Amino acid sequence: MIGARPGSVAIVLTIAMAIGLGEAAAQTPEALETLGSPAVGRSGPKASEPNLAPLTLTPQRMQSIGVKTGVVERRQVQDEIRTVGNVEADETRLADVQVRFSGWVQKVYADATYEVLRHGQPLLTVYSPELVTAEQEYLVAKELMAQASPRGGDGSHGLESLLSAATERLRRWQIPEREIARLKKSGKVSHDIEIDSPVSGVVIDRKAFPNMYVEPGTKLYAVADLSTVWVYAEVFQNDIGRVKSGDLASITVDAYPGETFPARVNFIWPEVDRTTRRARVRLEIPNPQLKLLLGMYVDVRIRVPLGDQLAIPASGVFQSGTRQIAFVDHGGGSLEPRDIELGARAGDDFIVLRGLEAGERVVTSANFLIDSESQLQAAMGSFAPPPPGAGAAAAMNAPQAATLDYASDPPTPRAGSNTFRVKLAGADRAAIAGAQVTVTFFMPAMPAMRMAAMRNVVTLGDKGAGLYEGAGEVQMGGTWQVTVLATKAGQTIAQKQFSVTTEGGM
């Protein structure tokens with residue numbers, strides 16, 4: 001043994017026990033032969049995994065450790081992918097304001113970026129010699145048409161075509177209809193022509209200033225219709241296969257607590273960022289009240305429908321190394337550890353691929369305590385035949401036929417030899433003689449410390465007057481699970497289980 005301070009050894013072993021109480025029952029063939037209790041479940045334990053045994057707990061015990069159960073059920077399941085994104089303009093709703101003739105800007109009405117516009121609202125006026133000439137040609141054609149109408153004849157048809165061509169020319173230059181109507185009614189040329197907004201929206205770029213010269217194609221404004229906006233988000237590579245165009249989503253933003261904006265996925269980038277391993281996703285969100293502003297940072301939730309599935313509450317799954325275990329409640333405190341196979345997680349549930357059936361109840365709380373007790377029962381085995389249909393834990397929790405008092409010399413056992421004493425008395429306080437009494441020390445395997453499971457059974461001799469005494473070895477200091485068992489005529493009359501932290505080195 002390697003010497004060590006008793007306190008430090010006890011702390012180390014206590015932490016190790018908390019991390020892996022009942023890791024593999026043994027790591028060596030010799031230890032497996034000593035402890036060998038088969039695991040219970042529809043598939044056997046994998047290498048280096050602990051053995052488990054069914055157990056039965058009393059209602060009082062289940063209440064004291066806070067056991068709760070949930071139902072395995074078949075239903076429509078959907079998952080949720082959470083990410084973040086930024087609000088941007090819908091590119092299909094962007095419009096540039098340009099002119100199709102040359103001239104000089106005279107007055108500017110929309111003179112600020114982010115000004116809200118309505119469709120048909122005047123933006124600016126332009127003086128264009130080309131436009132003045134076009135209007136004059138329209139008026140000449142109109143006057144000639146009026147003079148030819150009383151006489152009739154083929155000439156009037158030619159003049160009508162000339163007037164139509166002059167009108168069409170003005171429309172192709174996107175002269176507002178109200179200006180054409182004014183020209184037709186007044187018969188006077190206008191030197192300053194108003195240019196209207198082609199859409200409703202917000203000015204996101206302005207390049208129009210008084211007295212500037214413009215040519216066909218000059219970009220004066222960029223207007224964005226923000227009644228619908230886009231959100232660009234990123235999804236991890238392992239989730240992107242579950243997202244498809246058309247999936248429903250929702251947006252929340254801290255500017256509006258408690259308010260949710262419905263959204264829909266409308267495009268997935270065919271590329272994954274090589275640094276972050278994320279793919280870009282675009283969502284479309286109605287924004288009729290213009291609450292979502294460009295550049296806003298938002299939380300995104302994408303709903304992923306998974307169809308009709310067998311689902312188990314996530315809290316009902318106990319992850320044990322490479323195994324996934326559920327403790328099935330058969331009623332009456334009878335719990336069965338069962339190996340299961342899971343699919344994707346869906347919110348607070350897991351999809352069950354194998355190992356459970358619809359309608360079964362599983363433990364959803366205190367799983368760690370139940371797993372530890374199940375491992376302990378599998379490692380110790382049954383010291384006496386339990387009642388039909390129950391495991392070793394049932395015998396432990398069953399009503400005792402005798403009272404059992406335990407003591408050791410020294411009071412806190414140490415590594416090496418110790419003396420153990422047990423006092424047995426019946427319900428009438430009379431001493432019980434002729435019983436078989438054992439004290440079993442058990443420490444689960446701790447692979448992280450390269451330690452196999454250890455078990456030592458000390459048999460106590462009958463000293464008379466209900467006193468049983470015997471000497472036995474404890475291999476090392478640390479926290480041990482101790483079981484004191486008294487049997488008579490092949491039946492368990494008393495049993496006690498507790499933890500003891502022994503002193504000494506490893």
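Two strands are said to pair if DSSP finds at least two bridges between them. Strands (E, at least two residues) and helices (H or I, at least four residues) are DSSP runs, numbered from the N terminus. The structure is a predicted model, in which local features need pLDDT of at least 70, side-chain atom pairs count only at pLDDT 80 or more, and totals for chains, interfaces and linings use all residues. Residues are numbered from 1 along each chain as its sequence is written, and side-chain values use heavy atoms, with hydrogens and water left out.

**Strands side by side**

Let us begin with strand E3, which covers residues 73-89 and runs antiparallel to strand E16, residues 297-313. How many bridges join E3 to E16? There are 14 bridges, and in one of them Arg 82 has Arg 301 of E16 as its partner. E3 also pairs with strand E12 (residues 228-236), again in the antiparallel sense, over 5 bridges. Here Ala 89 stands opposite Val 229.

|---|---|---|
| E3 and E16 | 14 bridges | Arg 82 and Arg 301 |
| E3 and E12 | 5 bridges | Ala 89 and Val 229 |
| E28 and E29 | 11 bridges | Val 482 and Phe 498 |
| E6 and E9 | 2 bridges | Val 116 and Val 202 |

**Two open sheets**

Now look for an open sheet of 7 strands, with the order E23-E24-E27-E26-E25-E28-E29 and antiparallel pairing. Its edge strands are E23 (402-409) and E29 (491-502), each of which pairs on one side only. Neighbouring strands of this sheet are turned by 20° against each other on average, direction ignored; the angle is taken between N-to-C directions, on a scale from 0 to 180 degrees, with axes as lines fitted to C-alpha atoms, for helices over the stretch in contact.

At one end of this order, strand E28 (residues 478-488) and E29 form a hairpin with 2 residues between them. Ala 489, in the turn, has a positive phi of about 60°. Along the pair, Thr 483 stands opposite Gln 497 of E29.

A second open sheet has 4 strands in the order E4-E11-E9-E6, also with antiparallel pairing. Which strands are its edge strands? They are E4 and E6 (116-117), and each pairs on one side only.

**Two packed helices**

Two packed helices are described by the angle between their axes and the distance between the axes. Helix H4 (residues 129-148) packs against helix H6 (residues 177-186) at an angle of about 45°, and their axes are 10 Å apart. That makes H4 oblique to H6, because angles under 35 degrees count as roughly parallel, over 145 as roughly antiparallel, 65 to 115 as roughly perpendicular and the rest as oblique.

**The largest pocket**

The largest pocket holds about 340 Å³ of space. Of the 17 residues that line this pocket, the closest to its centre are Gln 174, Ile 195, Asp 196, Ser 197 and Pro 198. A pocket is an open set of points on a 1 Å grid over the protein atoms alone, where a 1.4 Å probe fits, with protein on both sides within 12 Å along at least five of seven lines; lining residues have an atom within 4 Å of a point. E4 (94-98) and strand E8 (192-196) each supply at least two residues of the lining.

Most residues other than glycine have a negative phi, and most peptide bonds are trans. Gln 174, in the loop between helix H5 (154-172) and H6, has a positive phi near 60°. The peptide bond from Asp 409 to Pro 410 is cis, with omega near 5°. Pro 410 sits in the loop between E23 and strand E24 (416-426).

Note on methods: Points joined across faces, edges and corners; volume = space filled by probe spheres on them.
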